[in-house]
Amino acid sequence: MKKLFLLSISLLAVVACQTKKPAPSDENSAEALPQFKNEGNPLFRDAFTADPATLVVGDRLYVYTGHDECFEDSVGYEGMYGFNITNWLLYSTEDMQTWTSHGVILKPTDFTWGDSEAWASQCIEKGGKYYYYVTCQGKDEYNGKCVGVAVSDSPEGPFADALGKPLVDDKMTDNGPRGWWNDIDPTLLTDVDGTTWLCWGNGNCFMAPLKDNMIELAEEIKEIPLPKYVEGPWLFMKDDNYYLVYVSMGPGRETISYAMSKSMRGPWEPKGEITGMAENSFTIHPAVVQFKDKWYFFYHNGNLELNGYKGAGGRRSVCVEEMFFNEDGSIKFIQQTEKGVAN
């Protein structure tokens, strides 16, 4: 996601932007949905994508992403280099090699309180329903970034606002150093006792359990202290260990670090970096998933060239690598590659 100090980045990396928005692709029937082969990283090449989030349903892996776009007549909050993240896209696969593009599944304006900026998200299943937690800009009485939740009977949507207001808004958390956009990048994990936990935040890492209805916080919001924490948390479990992967600050650009715990209530022990900076992108964003006995690490870089337009900090592209663990449960360092997991 964006950083306030990105406003000072040189515009030398800017390339020409589109003047017309592409036609929406979410009106395709299930039979007509486009498919493509995994050709390595970047993984998705039909659109600029960012902030991947994963969900396994049966034999299918779903990857939800933001959609980076760039238009000469709509330069974006951060200027000509982009960060027009206009909606959320969905991709799926049964084998990591053949992928289906489901197109646009939700927009910020599908929420009555939502205005713009489809930032990071995650979908989770609970009780046969699929709850999609997203970040977008609030309007009217909701100042700054908010975490909203939409619900569907299918991981592919259609999704509808489950609450009628943000689940988390700017008035509920300490602004800290990031000000009005602390409340971004939701991640969720359902614990072995059935409790679903929500974690989010830029500059501050916030956490709270949800009530069983999935649309209310069950306890007071707590802050998790993590070294070099920036944003983009991602929760997962493996064996008896809990993992909190997050975007950390490296030497001038973002990297990915993590912490481990034996309980969702902590304490969380920092373990250091698991991958370095993304190519051609100030930002990077993690998602971790186990799918068919293998573990995968999704992220984004800025290496895709699409329709004659080069990638950039605001025109990013989702990638994936296989992920491995040491005997003590710690994560082995992940090298970012062009091959990814392509056969």
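**Close-up views of a predicted model**

**View 1. Strands β14 and β15 form a hairpin.** Two residues lie between β14 and β15, and D239 in this turn has a positive phi of about 55 degrees. This is a predicted model: local features need pLDDT of at least 70, side-chain atom pairs count only at pLDDT 80 or more, and totals for chains, interfaces and linings use all residues. Residues are numbered from 1 along each chain as its sequence is written, and side-chain values use heavy atoms, with hydrogens and water left out. Strands are DSSP runs (E, at least two residues), numbered from the N terminus. β15 covers residues 241-249 and runs antiparallel to β14, with seven bridges joining them. Two strands pair if DSSP finds at least two bridges between them. F236 has Y243 of β15 as its bridge partner. Strands of a sheet pair through backbone hydrogen bonds, either parallel or antiparallel.

**View 2. Strand β14 is largely enclosed by the rest of the structure.** The strand spans residues 229-238. Nine of its ten residues are buried, so the rest of the structure largely encloses β14. Buried means under 20% relative accessible area (1.4 Å probe, protein chains only).

**View 3. Four strands make an open sheet.** Their order is β10-β11-β12-β13, and the pairing is antiparallel. The edge strands β10 (187-190) and β13 (222-223) each pair on one side only. Two bridges join β12 (residues 206-209) to β13. M207 has K222 of β13 as its bridge partner.

**View 4. D169 sits in the loop between β9 (160-161) and β10.** Is D169 buried or exposed? D169 counts as buried, because its relative accessibility is 7%. A polar atom of the D169 side chain lies 2.8 Å from the backbone nitrogen of K171. D169 also touches Y142, K145, C146 and D183, leaving aside residues up to four places away in sequence. Contact here means heavy atoms within 4.5 Å.

**View 5. The second largest pocket holds about 380 Å³ of space.** A pocket is an open set of points on a 1 Å grid over the protein atoms alone, where a 1.4 Å probe fits, with protein on both sides within 12 Å along at least five of seven lines. Lining residues have an atom within 4 Å of a point. Of the 17 lining residues, L189, L235, F236, V288 and V289 are the closest to the centre of this pocket. β14 gives the most to the lining, with four residues.

Definitions and conventions. Buried means under 20% relative accessible area, exposed over 50%, partly exposed in between (1.4 Å probe, protein chains only). A polar contact is a pair of N or O atoms within 3.5 Å; within protein, one must be able to donate a hydrogen and the other to accept it, and residues adjacent in sequence count only if both atoms are side-chain atoms. Grid points are joined across faces, edges and corners, and a volume is the space filled by probe spheres set on the points.
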